[in-house]
Amino acid sequence: MNLSELQAAQIEQMKNKDCLPKDETEIILHLVEEVGEVCEAIREDDREELKDEIADVLWQLNKLCWINKLDLEEVFLHKLNKNKDR
Ligand SMILES: [Mg+2]
């Protein structure tokens, strides 16, 4: 599954559960919260928790792309190419 497919699968799941985000502020707050949880997992040297929290960060980034009508894979590939030339 590529990033675009992951994004679509997540949004479909969220639609089915009727839990799509209301606005960008809600997403940003969750994103920052999840980044904090990544930090906590690292501090506690909890590899299993780290994996979950990294996935949670991606989950929030997917939502941020969705609400801005952006394709996560396209956004990432664009930046990857941009960084190649630096
Ligand atoms: Mg989390």
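Helices H2 and H3 are roughly antiparallel to each other, a label given to angles over 145 degrees, with under 35 counted as roughly parallel, 65 to 115 as roughly perpendicular and the rest as oblique. The structure is a predicted model, in which local features need pLDDT of at least 70, side-chain atom pairs count only at pLDDT 80 or more, and totals for chains, interfaces and linings use all residues. Residues are numbered from 1 along each chain as its sequence is written.

Two packed helices are described by the angle between their axes and the distance between the axes. For H2 (residues 24-43) and H3 (residues 47-67), the angle is about 165° and the axes are 8 Å apart; axes here are lines fitted to C-alpha atoms, for helices over the stretch in contact, and angles run from 0 to 180 degrees between N-to-C directions. The crossing of H2 past H3 is left-handed, meaning that the near helix is turned anticlockwise from the far one by less than a right angle. On the H2 side, the residues that meet H3 include Ile27, Leu31, Val35 and Val38, while their counterparts in H3 include Leu50, Ile54, Val57 and Leu61. Contact requires C-beta atoms, placed from the backbone, to lie within 7 Å. Sorted by class, this contact holds twelve nonpolar, two polar and seven charged residues (Ala, Val, Leu, Ile, Met, Phe, Trp, Tyr, Cys and Pro are nonpolar, Asp, Glu, Lys and Arg charged, and the others, Gly among them, polar).

Taken as a whole, the chain has four helices and zero strands, where helices (H or I, at least four residues) and strands (E, at least two) are DSSP runs numbered from the N terminus. Its C-alpha atoms fill a box of roughly 40 × 35 × 25 Å along the principal axes. Of the 86 residues, 10% count as buried, that is, with 20 or more other C-beta atoms within 10 Å of their own, against 12 or fewer for exposed and values in between for partly exposed, with C-beta atoms placed from the backbone. Among contacts between residues at least 6 apart in sequence, 57% join residues at least 24 apart.

Two loop residues also deserve a look. Asp18, in the loop between H1 and H2, has a positive phi of about 55° although it is not a glycine, and is exposed, with 6 other C-beta atoms within 10 Å. Lys69 lies in the loop between H3 and H4 (72-84). Lys69 likewise is not a glycine, yet has a positive phi of about 55°, and counts as exposed with 6 C-beta neighbours inside 10 Å.

Conventions: Two residues are in contact if their C-beta atoms, placed from the backbone, lie within 7 Å.
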